[in-house]
Amino acid sequence: MKVGGQFQRMGESPASRVTKSLVPQFRMLTVGGFTWPQGPPKIPLLLRRGDWFATPPAPPDWLVEPVFVHPNKILFAGESGALKSWVLADLALHVAAGKSWLGFTVPRARRIVFINEDMSQDDLQARFYQLSQGHGINPRGLPLWITNNEQIRVGLSPSGQPLSTLALLKQLKDAGCDPDVVMFETLLRVSSGLSNSNDDMANFYNALKPITDDPAHARTVIVSHHLTKFAGEPDNPIPLDKRILGAGYIKGGADAVFAIELDSKLDRRATISFHKMRRGPIHRPFRVQLECAGVDQPAQLVRVQGQTQPSRAP
C-alpha cells in the first residue's frame with residue numbers, strides 16, 4: 001500500500017485481526033441443555049448532575065466557518081449533473097490546503113481522505129487537476145489521499161460490529177494517513193445495505209462511529225447522495241430535503257444536510273442550500289458557478305451573486 005496511491009482492496013485479514021477485541025463478552029445462560037447469550041455485560045450507569053451544564057460549552061471547532069462544525073456527519077445531496085462531485089472535490093482541496101472556500105474561512109488545514117466509488121479514475125483525476133490549477137493550490141505534498149473504485153463498503157457485520165470501518169481505518173493508518181475528514185462518493189456505492197431501508201441506513205451511520213466518535217481522534221464524515229429526479233410541479237415544487245433518495249433515516253442519521261440544485265446547465269450555475277444543522281446555525285442558500293474554458297483547462301468554483309429561488313430555502 002502506497003501513500004498517495006490507491007489503497008488496496010478491502011480484504012478479510014484486517015477485519016479478522018480486530019474481531020476478537022470487538023466481540024462483546026456476553027454472559028451465557030444455560031436452561032434445559034440450551035445455551036445462549038443472556039445479554040451484554042452490565043456497564044455502570046453514568047449520571048451527571050446539573051453542574052455538568054452550568055458552564056458554557058467549548059467554542060465550535062470549525063471545519064468551514066460558519067458553515068460546518070468539526071467533527072460532524074454531513075450528508076451532501078444533489079441532482080445528477082448539478083456539480084455535486086465538483087463541489088465535493090473543491091471542498092476537499094480547500095480544506096486540505098487550509099484555504100478559504102467560496103469566501104468562507106477554513107481555519108486550518110485538515111488531512112482528507114476522498115473515497116471515490118462513483119466516477120472513473122480518469123474523470124476524477126481531471127477534476128482535481130483542473131480545480132487545483134484554477135485555484136492556485138499546489139497538489140504536491142497536500143494532505144489529501146484518494147482511493148478509486150476499491151470496492152470499499154460500510155456497514156455492520158452480522159454480529160453488529162463495524163468491522164469494515166475498523167479495517168478501513170487500520171489500512172489508512174498503516175499507510176501513514178490518519179485522516180481528519182473522510183469523504184465518501186457516493187452513499188449508494190459505499191453502503192453495504194439498501195438505501196430504502198431505515199434499518200440498513202441506521203446500520204450505515206452506526207458503522208461510521210469508529211470514524212466520527214473516536215475519543216482520541218474524532219473526525220468528520222461527508223457522504224454524497226442523490227436527489228429524486230421528480231422535482232414537483234412548477235407551481236408546487238418539492239422541497240429539496242423531501243427529495244433525498246431512499247429511506248428517511250438517510251437525512252435523520254446525519255448531523256448536517258446540504259443540497260445542490262442546478263439553476264443553469266449552460267452557465268454551470270447551481271444553488272447550495274442547507275436543510276439540517278445539529279450544531280451551529282443553518283446558513284442561507286447561495287449560488288455557485290463553475291468557471292472553466294474547456295476540458296483539462298483550469299477550473300474555478302466561485303460564489304456568485306443573485307437571488308435564489310424561495311423553494312430552495314430550508
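Which residue in β9 does A77 stand opposite? Select A77 in this predicted model and look across to β9, where its counterpart is H225.

Now widen the selection to the whole of strand β5, residues 73-78: six of its six residues are buried, so the strand is largely enclosed by the rest of the structure. In a regular strand the side chains alternate between the two faces of the sheet. Colouring β5 accordingly, you will find K73, L75 and A77 pointing one way and I74, F76 and G78 the other way, all of them buried. Parallel to β5 runs β9, joined to it by six bridges, and β12 (residues 256-264) is also parallel to β5, with five bridges between them; in this second pairing L75 stands opposite V257.

Then move to β8 (residues 181-185), which pairs with β9 (residues 220-226) in the parallel sense over four bridges, and centre on M183, which stands opposite I222 in β9. Leaving aside residues up to four places away in sequence, M183 touches L88, L91, A92, I112, V113, F114, I115 and I222.

Finally, select the largest nonpolar core, which has 45 residues and counts M183, V64 and W101 among those with the most contacts inside it. Helix α2 (residues 84-97) gives the most to this core, with nine residues. A second, separate core of 31 residues includes L168, C177, L227 and A247.

Terms used
Residues numbered from 1 in each chain as written. Predicted model: local features only at pLDDT ≥ 70, side-chain atom pairs only at ≥ 80, totals over all residues. Heavy atoms only, no water. Core = buried A, V, L, I, M, F, W, Y, C linked by side-chain atoms within 4.5 Å. Buried < 20%, exposed > 50% of the residue type's maximum accessible area, 1.4 Å probe, protein only. Helix = DSSP H or I, 4+ residues; strand = E, 2+ residues; numbered from the N terminus. Contact = heavy atoms within 4.5 Å. Pairing = 2+ DSSP bridges.
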